[in-house]
Structure formats: structure tokens, C-alpha cells
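Here's a friendly walk through a protein model for someone meeting it for the first time. Take a look, and then we'll go through some of its features.

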Amino acid sequence: MQSREQIIHHAAMEILRDVGVQFHNEEACRILKENGIRVENAVAYFTEEQVMHWVGMAPEQFTLYGRNETYKMTLGDGSTHPSPTYGCAFIAERDGTQRPGTMEDYVKAVKLVHASDVYTIDGGILIQPSDMEDTLAPLAMFYATITHSDKIIMLPTSDRCIMESMVQAACAIFGGQKELIKKPRMIALINTNSPLSLDGKMLDNLMVLARYGQPVILCPAAMLGATGPIFMAGTVAMGTAESLAGIALAQMIRPGTPCVFGIQSTAVHMHGLTFACAAPEGTLMQGFSANMARFYHLPSRGGGSQCDAPVVNAQAGYESMLTFSSAMQHGINLVMEAGGVLASVNATSFDKMIVDFEIIRQVQFASTPFEVSEETLCLDDIKA
């Protein structure tokens with residue numbers, strides 16, 4: 001009898017063979033063709049043998065290092081690591097209002113994350129600064145991260161030349177490209193465009209990072225019945241196909257490029273068709289994606305401490321506890337958006353960030369077996 005993971009795998013292979021994945025990037029299509037992948041009208045069709053050949057080159061686990069090497073994390077060894085808020089455009093104020101984020105907010109968030117003992121990673125799009133040009137904002141976020149934190153670097157994604165500039169700056173900081181490959185210092189999120197599509201800009205970022213040996217997270221975020229099938233199994237199968245297609249490309253560019261298999265898919269709010277990030281369906285699909293990552297011998301990514309509440313209230317608390325507890329229980333290796341997220345990943349709240357620090361600590365403590373030893377049994381005390 002086939003396992004659920006094998007059934008999902010076979011469905012994903014059928015999707016890749018019969019439907020394919022669209023690559024909106026001429027260079028990516030050229031690389032795929034040069035490596036024997038059939039590409040027609042920018043749609044790449046993979047056989048199971050091709051997929052497993054390339055995906056098998058990605059390491060089962062890898063370690064990321066901070067500038068201060070007391071900050072490091074190994075992904076794929078069974079441990080779970082939280083990563084803070086990512087991708088929010090607005091700041092949620094305590095009175096329930098929202099306003100566009102600024103660079104000042106970003107620096108404040110970087111400092112808060114650096115000061116918290118629950119993270120070994122900092123940076124990324126903690127808040128999108130609206131007071132800077134789009135072309136400059138990623139560079140400013142990167143600079144703020146390396147200025148105010150010496151933890152592992154989450155990179156923001158941007159145009160190809162901006163990503164190239166950030167990676168070259170990292171080479172200057174960390175001793176050159178060979179040293180950067182030897183000890184990866186940065187990681188970036190490469191979202192797919194469900195259904196069955198990879199964006200040109202994201203592919204540019206993936207290709208730059210792969211050439212410099214920096215890890216990439218391939219992660220679909222389909223919504224049930226909107227950008228994915230109505231049933232969870234179909235959405236996970238489709239997301240598996242998208243993620244594997246991107247991982248295969250990364251290995252064609254540089255075999256051995258560290259890759260993380262992720263699925264951020266969830267349900268959809270019917271009012272406005274928005275992302276229901278704290279829906280139970282999301283915890284189930286993201287949790288099962290950790291099973292699929294283990295099936296392919298890859299590290300996993302999911303979400304945690306997320307909520308759909310617009311303010312810091314009871315709903316925000318129980319949804320954040322649910323999503324991070326689920327991530328821990330399912331053994332997701334990298335838990336993104338774990339700290340500060342409100343309103344369906346639409347706003348970052350500093351108040352919520354502080355609450356999430358405590359939620360993460362409590363869940364981590366509750367997930368750690370207590371010590372049983374002669375000392376902790378306290379038999380002398382009990383007898384007395």
C-alpha cells in the first residue's frame with residue numbers, strides 16, 4: 001500500500017510531465033533546454049527521472065552562519081528554527097489603525113529581532129519601507145541588517161542587479177566567493193506563482209544565489225479554490241511540482257546548491273479572496289510539506305506565529321500559538337513569519353512581535369523533553 005507521500009509524489013510527477021511549469025525567464029529556459037528538459041512556449045516539462053536526478057544533488061542538510069558565529073543553524077537535521085515577520089507593507093498601530101512602513105520602522109524591527117534570543121536569523125522584508133524607491137529599498141534593508149545585527153542574513157529579493165550587488169557585498173565582508181560557498185551566510189525566499197508558474201524576477205534572484213552557493217527557499221503559497229485546487233491534496237501536489245521545478249533549476253546552475261522545500265499554502269477568506277494564513281487547512285498543508293521534504297531528503301519551510309486578526313487580541317494569540325505549535329509538532333525546519341505578523345501577513349506589529357517572542361519561547365520549552373536523571377528525580381528530598 002502506498003503512503004500518502006508516495007501518492008502526492010506520483011501526482012506531482014504527473015503534473016510536471018503532462019502540464020509542466022512555466023518559467024517567465026529566457027535565461028532559465030535556456031539552462032533548462034541545455035540540460036535536456038523539454039521547453040515549449042516557456043513551459044518546462046520534466047520526466048520523473050530528470051526531476052529526481054537534479055533534486056537528488058541538493059544537500060539533505062546544511063548549516064548557515066552569522067557574522068558572529070555563535071549564531072548558526074543547521075536546516076534538515078530535525079531541529080526547528082523561527083524566522084521573524086516577512087513581506088508586510090504596513091505597520092499596525094496599537095489603536096488598530098495601519099500606516100505604510102518606513103525605513104525607521106525597519107531599523108527598529110532589525111534591532112528588536114537581533115536583541116531577541118529566539119532568533120539566529122535577522123533581516124529580509126521585515127517591513128516594506130514606503131519612504132524609499134523600490135530600487136533602493138532592498139539595498140537599504142540589507143545595509144541596515146548588516147549594520148545592526150551580526151546574525152544570519154535573510155535577504156530581501158529584488159531586481160537581478162540589486163541581488164548581485166548584495167551578494168558581492170557579502171563576498172567583500174566574508175572573504176570572497178569561495179569562502180561564502182564554504183560557509184553560507186544568507187538565504188532568500190523564492191516564491192512560486194501558483195498555479196504552476198515561476199516569476200522572472202524571482203528566477204533572476206534564484207540564479208544569482210545559486211551561482212554564489214547561497215541557499216534558496218522554494219515556496220508556493222496557493223490558496224485553496226483560488227490559486228490552487230479546492231482540496232488540500234491537490235494543492236500540495238501542485239505545490240510540490242512547483243517547488244521541485246525551482247530546486248532542479250538551482251542544481252543545474254550549481255550542483256549542490258542548498259535548497260529548502262517549502263509550502264505556505266492555506267485557505268482563502270471569501271471576502272476579498274485574501275490569504276487566510278492562520279486557517280487550520282494551512283497548518284495541515286504546511287505540516288505535511290515537512291513530510292514531503294523528508295521524502296525528498298531536503299530541509300523544510302513553513303509558517304508560524306501567524307494570524308489573521310487585525311489587532312493584538314485573543315484571536316491573534318490563539319492563532320499564533322496554533323500555527324507555531326503546529327510547525328514545531330510537524331518538525332518544520334525553518335518557520336518564517338514567526339514574530340510580528342498581523343492581518344493575514346498584511347501588517348507588522350511591534351506589540352505583536354513582543355508577544356510572539358514569548359509564544360515561541362513557551363512552545364519551544366513545551367516541545368523539549370524534561371531531563372530524567374538521579375539529580376532531577378530528587379529522591380533524597382522526597383524521602384526527607
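Which residues does Met202 touch, not counting residues up to four places away in sequence? They are Thr157, Leu189, Ile190 and Asn191, where contact means heavy atoms within 4.5 Å.

A quick word on the ground rules. This is a predicted model, where local features need pLDDT of at least 70, side-chain atom pairs count only at pLDDT 80 or more, and totals for chains, interfaces and linings use all residues. Residues are numbered from 1 along each chain as its sequence is written, and side-chain values use heavy atoms, with hydrogens and water left out.

Back to Met202, which sits in helix H8 (residues 200-211); helices (H or I, at least four residues) and strands (E, at least two) are DSSP runs, numbered from the N terminus. Met202 counts as buried because its relative accessible area is 18%. Here buried means under 20% relative accessible area, exposed over 50%, and partly exposed in between (1.4 Å probe, protein chains only). Between Met202 and Tyr119 there are 26 Å, C-alpha to C-alpha, and the two are 83 residues apart in sequence.

Now for the strands. An open sheet is built from eight of them, in the order S6-S18-S17-S14-S13-S11-S10-S9, with parallel pairing. At its edges lie S6 (81-82) and S9 (121-123), each pairing on one side only. Two strands pair if DSSP finds at least two bridges between them. Parallel strands S10 (residues 152-155) and S11 (residues 186-191) are joined by three bridges, and Met154 stands opposite Ile187 in S11.

In the loop between S11 and strand S12 (197-198) you'll find Pro195, which a cis peptide bond joins to Ser194, with omega about 5°.

Finally, the surface. Phe370, Val372, Leu377, Leu379 and Ile382 make a nonpolar patch of about 580 Å². Phe370 belongs to the loop between helix H12 (350-366) and helix H13 (374-377), and it counts as exposed because its relative accessibility is 71%.

How values were computed. Patch = residues over 30% accessible without salt bridge, like charges linked within 9 Å, V, L, I, M, F, W, Y side chains within 5 Å. Areas by Shrake-Rupley, 256 points an atom, 1.4 Å probe, with all protein chains shown as cover. Salt bridge = Lys/Arg side-chain N within 4 Å of Asp/Glu carboxyl O.
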